Structure formats: C-alpha cells, structure tokens
Amino acid sequence: MVLLSEGISIRVTLLLCSLAILALLNGSGVVEARIRRYHWEVKYEYRSPDCVKKLVITINGQTPGPTIKAQQNDTIIVELKNSLVTENVAIHWHGIRQIGTPWFDGTEGITQCPILPGTNFTYRFVVDRPGTYLYHAHYGMQRSAGLYGAINVADREPEPFTYDVDRNIILNDWYHKSTYEQSAGLSAIPFQWVQEPESLLIHGKGRFNCSKLTTTTLDSGVCNTTNPDCTPFGLIVVPGKTYRLRVSSLTSLSALSFQIEGHNMTVVEADGHYVEPFVVQNLFIYSGETYSVLVKADQDPTRNYWITSNVVSRQPKTPAGLGVFNYYPNHPRRRPPTIPPAAPVWNNTIPRIAQSQAIKARQGHIHTPPPLPDRVIVFLNTQNNISGEFRWSVNHVTFRLPHTPYLIALKENLTNAFDQTPPPNGYDSKSYDIYDVPDNKTATFSDGIYRLNFNSTVDIILQNANTLTKNNSETHPWHLHGHDFWVLGYGEGKFDMYNDSKKYNLANPIMKNTVPVHPYGWTALRFKADNPGAWAFHCHIESHFYMGMGVVFAEGIDKVGKLPSSIMGCVETRP
C-alpha cells in the first residue's frame with residue numbers, strides 16, 4: 001500500500017472534486033466559450049473552377065475559402081492580410097448579427113473603410129446563435145471572383161433532429177469575365193449587361209464545354225477538362241446513413257433549384273433557425289440563403305446518383321451544375337447510369353411560392369413577433385434610367401454609397417458626409433401600375449438613410465413590379481444585416497395594406513436574414529430595431545446591389561461603443 005502525505009492527499013481530493021464538477025458541468029451542456037483564431041491571406045491566383053483558367057480571389061489558396069467551425073457564443077478572430085496588390089477588400093459575415101460589434105460587419109462604405117492593399121486587418125466577433133452562415137467579399141463585386149466560404153455554428157443544446165454526417169455545399173454561378181469588366185459595363189453609357197453566367201458551380205466545381213469558348217487566347221490550355229480544379233463535386237455516402245447537408249447559395253445572379261436524383265430532402269433549418277420539417281425533391285434557393293436538409297442514403301447502393309443545380313426565374317442559358325452522390329464503395333468518378341433529372345420549369349412561380357410559404361418555425365423553437373408594428377415602410381422594386389445611366393431602384397431612388405462610411409459619419413456626427421434627407425417611406429400605390437414599365441419621372445440618386453427608433457418594431461413590405469423591359473419582373477433576394485426578421489407572408493400582385501396585413505402569419509413565422517420577393521408579388525417582413533449600428537438591407541444579386549438596389553437603416557447610434565481606429569482612414573475619417 002502506498003501512503004500519501006496529508007498535504008498531497010488534500011490536493012488529490014481537491015483535484016478529484018474539480019474534475020467531478022467539470023464533468024457535471026459538461027454533462028449539463030455548460031461549456032465555456034472558446035476563442036477561435038484564423039490567419040487568412042487574400043490574393044489573386046489562377047484557378048479553373050469550371051475548367052476555364054482565370055484569376056480568382058483565394059483565401060490561403062482556396063476557393064471556396066476555409067470553413068469556419070465554432071460553437072454558439074464562441075469568439076471568432078480573423079487576422080486578414082490583403083495581398084490583392086491593387087484592390088481594397090472587406091469581408092461580410094453573412095447572418096452573424098454583430099451584437100456589440102457593428103464595426104466588424106464587413107460592409108465597406110457602411111460599417112468600415114476598406115482594407116487597403118498590403119495591409120492587415122483583424123475582425124473579432126461573437127457567433128451568438130447556432131446555425132449555417134456564410135462569409136463573402138463586400139467590396140465592389142469581388143464576391144463574384146471567388147471570395148466566399150461557410151460558417152458552421154454548433155448548438156450547445158441538443159438539436160431537434162439527428163444525423164450521422166455533416167457536410168457543406170455552397171452553390172454558385174460563375175462568369176469568365178473579370179469583376180472589373182462586369183462593373184465597367186454596368187457603369188457604362190450605353191449600358192452593358194453582364195449577361196448570364198457561363199457555368200454553375202457546386203461547392204466550387206463546375207464544367208464548361210470547351211468547344212463553346214468564344215474568347216481567343218494564345219494559351220492553348222485555357223480550357224482544360226482534365227484540370228483537377230474542375231473534377232465534378234462528389235459527396236461520398238455510406239448506405240443507410242443520414243446526412244445533414246448545409247446547402248447555401250452565393251450566386252451573383254441566379255436563383256437555383258437543387259436536387260439529388262432519386263432522394264428526398266427534409267428541410268430542417270433555414271438561415272440559422274429550425275424549421276418545421278417538410279420534404280422536397282427540388283430545393284429552391286436564392287442568393288444569400290442557407291438551408292439544412294436531411295438526406296438518407298437509402299437507394300440502390302450499387303450505383304451513383306446525380307446532384308444537380310439549375311437556373312430558375314430567368315430563362316436558362318447556363319448549363320446545369322452537376323455533381324455525384326457517390327455511394328461507397330463505388331468509384332467517385334463512376335458516372336450515374338441515367339441522364340441528370342429534368343429541371344423545374346424556369347418561369348413557373350407556383351412551386352417556388354409554395355416552398356416559401358411552407359417554411360414555418362419548428363414547434364418548440366417559435367419566437368413570436370410583436371403583434372403590431374410601430375412603423376411600416378414599403379419598398380417598390382423596379383428600375384431607373386437617369387440621364388442614360390441604367391440602375392435598379394427602391395421607391396424610384398437609386399442607392400449610392402458615400403465616401404465616408406455611415407457608421408463613422410453617424411457616430412462622429414459628420415452631417416455633411418451624406419444626404420440628411422431620408423428616402424421615401426413608400427410609393428403612390430393607388431395610382432402606380434406594377435405591371436407597366438415605370439415612367440421614371442421621379443427617378444433619382446441618393447445616399448440618404450432610414451433612421452429607426454431604437455427598439456421599435458418595423459414592418460417592411462417588398463413590392464415587386466415591372467422593370468424597364470416590358471412584361472418583365474425579376475426575383476430579388478433581400479438580405480438584412482445585423483438582424484433576423486420574421487417572414488409574415490407572401491402574395492401575388494399589389495400589396496393591400498388593409499386586407500393582406502390581416503392574413504399575416506403571427507403564430508409560427510420563420511425568422512430569416514434573406515428572403516425572396518417573387519415576380520409581380522410582395523413579401524412582408526417584421527423586425528425589431530434593437531441592434532445599435534448602421535445596417536445594409538439590399539438585393540443580394542451582385543449586379544443589382546452594385547446598380548443601387550439597397551438601403552441603409554440606422555438605429556441606436558448613441559448606444560454604439562467607441563469605434564476602433566482600424567475601421568477609419570478614408571476621406572473625412574483620416575487622422
């Protein structure tokens with residue numbers, strides 16, 4: 001027998017007690033939040049995501065960039081080096097509310113000055129809610145160049161569904177023209193549209209038909225289908241296992257349908273909120289949205305199956321994105337024996353609206369909205385032509401960013417930094433024909449903002465209408481920074497303030513940060529202006545926001561803490 005001294009015995013007893021307490025805390029789900037630190041270098045590199053070689057923006061050599069994995073209430077620190085040489089950069093943490101850190105939202109011109117070439121910048125924020133989120137460039141049109149990735153935040157409480165494996169799939173569209181060429185055309189007189197994307201990517205991989213390459217080049221290998229960059233995306237699955245697929249979209253233009261041949265998908269999460277489960281074969285997804293779907297590998301395991309993405313809401317001129325649902329132990333490059341499943345009819349809005357209306361908050365996870373709003377703002381979605389400049393607009397106003405970021409101008413009371421006249425709260429809904437081409441009589445530019453009373457309840461009515469092209473109304477996915485909103489309802493035609501508001505779902509509406517407004521339709525949202533800061537609300541189509549389809553909300557500016565010096569340095573904020 002080994003005898004311990006009294007002092008050692010006491011220390012051992014204390015250690016055992018401490019371990020027991022720690023085990024109890026862990027068993028009860030009380031785990032200390034962690035700091036998760038990332039070191040990223042952003043630069044241009046040649047890549048061939050769809051087999052066509054071009055300069056893309058990478059993070060540590062990757063596109064999509066590294067997935068951030070954390071638990072609820074962890075602190076994320078990203079130390080970023082901008083090695084783009086000639087370009088500024090900013091990164092937005094899409095779906096992260098930035099409570100207490102509005103200056104790290106990553107929106108150049110709104111919450112920070114851009115990160116200059118050759119300089120470093122540190123983002124630091126808390127991921128306060130579990131779910132599936134994104135990050136992407138928020139400077140110019142850099143998101144289109146490949147600067148994007150996923151954020152997975154694990155719940156500290158048991159999730160209301162079970163699965164065996166967790167995987168991310170980011171859907172995207174892909175252009176061969178650089179973002180410089182695209183933005184120059186959009187700003188030109190006469191206007192030059194970006195056209196439809198050349199390819200659809202499934203988690204960074206697609207395949208362009210090299211015989212259709214129209215650009216002449218001295219590089220014979222500019223389109224090479226043997227390049228490993230464009231090996232079709234494959235998801236290896238084990239028969240009988242259930243997979244949580246975190247499917248998200250960061251398309252520049254396209255609304256998509258996503259399907260896995262022969263397999264049902266059960267939707268269980270949307271934009272970080274648990275959904276009352278429902279089953280789909282086609283998942284309609286719009287730029288900026290994230291979903292979790294459960295898929296069971298329960299089909300014939302002797303073969304592989306197609307994963308597809310297809311353009312909807314625009315006449316498809318882009319081939320389907322293709323991947324492989326690869327049953328182990330089949331070879332990953334073994335093609336499915338069938339042709340890819342047919343795409344949904346691109347201009348049939350009925351199933352897309354039905355999916356939007358099917359998304360409800362899960363029982364046991366319902367956060368009911370305030371019963372009435374303090375303020376209602378109606379946003380007419382259409383286009384302007386201002387002295388030959390072709391632009392998107394909200395209530396006939398085309399948004400443009402000021403030189404000094406709003407958050408800095410508001411906090412420092414720089415009243416000459418932007419127009420102090422607020423934009424309109426609505427449009428002439430009684431006389432305006434949403435099915436007709438706008439007459440542009442009141443079309444204008446503005447960098448004015450909407451000031452919201454702190455803690456007030458705000459309703460937003462997104463009203464879609466005809467563009468400057470006859471018989472044309474486009475789908476717009478709207479994304480709100482700094483908040484989640486309740487989705488109260490969708491409808492067709494012109495919103496009726498008196499009758500349609502009576503049909504709102506106030507019992508179990510889903511909360512989201514991105515939502516579509518369908519062609520010639522309306523979408524009603526409600527949110528609490530309870531997060532001090534300046535926040536963008538904009539169409540998530542890259543070219544549409546570049547062309548002015550957005551607004552800015554300011555709330556509780558007096559409650560914003562001291563601004564960090566790292567976000568300063570441009571125009572009126574220079575030391």
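**View 1. The side chains of Ser313 and Thr475 are joined by a polar contact of 2.4 Å.** A polar contact is a pair of N or O atoms within 3.5 Å, where within protein one must be able to donate a hydrogen and the other to accept it, and residues adjacent in sequence count only if both atoms are side-chain atoms. This is a predicted model, in which local features need pLDDT of at least 70 and side-chain atom pairs count only at pLDDT 80 or more, while totals for chains, interfaces and linings use all residues. Residues are numbered from 1 along each chain as its sequence is written, and side-chain values use heavy atoms, with hydrogens and water left out.

**View 2. Ser313 lies in the loop between β18 (305-312) and β19 (321-327).** Strands (E, at least two residues) are DSSP runs, numbered from the N terminus. Ser313 counts as buried because its relative accessibility is 13%, buried meaning under 20% relative accessible area (1.4 Å probe, protein chains only). Leaving aside residues up to four places away in sequence, Ser313 touches Ala255, Trp346, Arg352, Thr475 and Pro519, a contact meaning heavy atoms within 4.5 Å.

**View 3. Four strands form an open sheet in the order β3-β8-β7-β5, with mixed pairing.** The edge strands, β3 (68-71) and β5 (91-94), each pair on one side only, where two strands pair if DSSP finds at least two bridges between them. Strand β7 (residues 131-137) and strand β8 (residues 148-154) pair in the antiparallel sense over six bridges, and Gly131 has Val153 in β8 as its bridge partner.

Conventions. Buried means under 20% relative accessible area, exposed over 50%, partly exposed in between (1.4 Å probe, protein chains only).
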